[in-house]
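Please open the structure in a viewer and keep the sequence at hand.

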Amino acid sequence: MTSLSINALNNTLKNNPIIHYRNPKSGHCHKVELFMSLLGICYQNHNLDMVNGAHKSADFITKNPFGQVPVIVDGEHTVSDSNAIIVYLADTYGSDYPWVGTTAIEKANVQRWLSVAAGELAKGPAALRLEYVFAANIDVPTALATTKILLPVMEDTLLGPKSRIESSTKAYLATNRLTLADIAMYSYIAHAPEGGVSLQPYPAIQAWINRIESLDNFIPMANSATADYRL
């Protein structure tokens, strides 16, 4: 993946790396860190003591008024929201690689999956994991119902236009190459078992996960215990 990096810009970051405010077990934060690693740019993680409310401190609220991670500080620019951050990084450091697609339909497909990441993914598998990993109070029936819709849609998308019988798979979600759609969806899908969601019924999703994890400069997210499957 080194061909996707901008080495000249990266050299300027060595003395002034991007600061990444994060929780190491947050999939939203991992999305950002994964993308920075794939791009090969310099950054430093700053773990917030969220248990003691560091994300609600007056200083952090100036960086994100919603008091949420991730946030990056890149020189004079402060960017919050994981999807907004990866779009910023792609535009600033992504060279000429088409992270957001090239044609109108590709760009629409990428945007669709960014919306899914902020919608169905966050309300489904991510919420179920939030309950088990962070003991959050969530609407479990709604999260399960959302997940039951999302995973088959992803599976069918990755299977591509041919029938299941022909066992034809598509490499990535939005186009035939890696895009921000895959970066946005990976972390919480790969860690769905930590929320009690089995991925065994979805071989195309499992192959997609393996494909991303085989990329140069891939970095994993901190694991939590796999929960008893409820879906």
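The model is predicted, and its residues are numbered from 1 along each chain as the sequence is written. Local features need pLDDT of at least 70 and side-chain atom pairs count only at pLDDT 80 or more, whereas totals for chains, interfaces and linings use all residues; side-chain values use heavy atoms, with hydrogens and water left out.

**First stop: N23**

Select N23, in the loop between β1 (18-22) and α2. Helices (H or I, at least four residues) and strands (E, at least two) are DSSP runs, numbered from the N terminus. N23 is buried, with a relative accessible area of 14%. Buried means under 20% relative accessible area, exposed over 50%, and partly exposed in between (1.4 Å probe, protein chains only).

Now display the surroundings of N23. Leaving aside residues up to four places away in sequence, N23 touches C29, M50, V69 and F134; contact means heavy atoms within 4.5 Å. A polar atom of the N23 side chain also lies 2.9 Å from the backbone nitrogen of K25.

The peptide bond from V69 to P70 is cis, with omega near 10 degrees. P70 belongs to the loop between α3 (58-61) and β3 (71-74).

Most residues other than glycine have a negative phi, and most peptide bonds are trans. Which phi does D81 have? The value is positive, about 80 degrees, although D81 is not a glycine. D81 is found in the loop between β4 (77-80) and α4 (82-93), and is partly exposed, with a relative accessible area of 44%.

Next, select S95, in the loop between α4 and α5 (104-123). S95 is not a glycine either, yet has a positive phi of about 55 degrees. S95 is partly exposed, with a relative accessible area of 39%.

**Final stop: α5**

Select α5, which has 20 residues and reaches 28 Å from its first C-alpha to its last. This is close to the expected 28 Å, a span defined as 1.5 Å times one less than the number of residues. Where does α5 bend? The bend, of about 40 degrees, is at V116; the angle is taken between axes fitted to the seven residues ending there and the seven starting there.

V116 is also among the buried residues of α5, which include W113 and L114. Finally, display what covers these buried residues, including α2 (27-39), α4, α6 (125-134), α7 (140-159) and α8 (180-190).

Key
A polar contact is a pair of N or O atoms within 3.5 Å; within protein, one must be able to donate a hydrogen and the other to accept it, and residues adjacent in sequence count only if both atoms are side-chain atoms.
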